[in-house]
Structures are given as C-alpha cells and as structure tokens.
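Subject: Structure handover

Hello,

Here is the structure I promised to pass on. Please open it and keep it in view while you read my notes.

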Amino acid sequence: MARRASLTSQLYRAARMSNNLRAVSEGPTAYAKRVARRKVYAKQMAMTRRLLKGFGLSR
C-alpha cells in the first residue's frame, strides 16, 4: 500500500500544476521556458547537494 502524501507535499504539487497550467495558457514558448528553468534549477540543486554531502552537511 502506498504511503499517503503529506499536506505540504500535496500543496506543493497543486501549486506546481497551477503554475504549469498558467504557463501553458500563455503559449508554448512560456511553457518551454518554464521547463528549461526548472531543469537548470534541478541541476544546480543536485550539484549543491553533492557538495554538502561531501562535507557531511546533507543526507
């Protein structure tokens, strides 16, 4: 049986969906920019996480 998502994660998911729909309504260029921006942020955060893990400051 799957674990139930917390209220916080449900709210974050709803906000992400809302922002995705808003970008889609503005056109394909706006949505593509949003997708690219999120991908860049994910890469940066992964690099930061690896650095912090190296120092034992993250999980």
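Below is what was found, from the whole chain down to one residue.

Please keep in mind that this is a predicted model.

Overall make-up. The protein chain has two helices and zero strands. Its C-alpha trace spans about 45 × 30 × 20 Å along the principal axes. The radius of gyration is 16 Å, whereas a compact globule of 59 residues would come near 10 Å.

Surface. How much of the chain is buried? Buried residues account for 5% of the 59 residues.

Helix α1 covers residues 7–26, and helix α2 covers residues 28–54. They pack at an angle of about 140°, and their axes lie 7 Å apart. An angle over 145 degrees would count as roughly antiparallel. At about 140°, α1 is therefore oblique to α2. On the α1 side, the contact is made by R16, N19, N20, A23, V24 and E26. On the α2 side, A30, Y31, R34 and R38 take part. By class, this contact has four nonpolar, two polar and four charged residues.

One residue to look at. R13 sits in helix α1. Now find A36. R13 and A36 are 23 residues apart along the chain, and 18 Å separates their C-alpha atoms.

Best wishes

Methods:
Residues numbered from 1 in each chain as written. Predicted model: local features only at pLDDT ≥ 70, side-chain atom pairs only at ≥ 80, totals over all residues. Heavy atoms only, no water. Axes fitted to C-alpha atoms, helices over the stretch in contact; angles between N-to-C directions. Helix = DSSP H or I, 4+ residues; strand = E, 2+ residues; numbered from the N terminus. Parallel < 35°, antiparallel > 145°, perpendicular 65-115°, else oblique. Contact = heavy atoms within 4.5 Å. Nonpolar A, V, L, I, M, F, W, Y, C, P; charged D, E, K, R; others polar. Rg over C-alpha atoms; globule rule 2.2 N^0.38 Å. Buried < 20%, exposed > 50% of the residue type's maximum accessible area, 1.4 Å probe, protein only.
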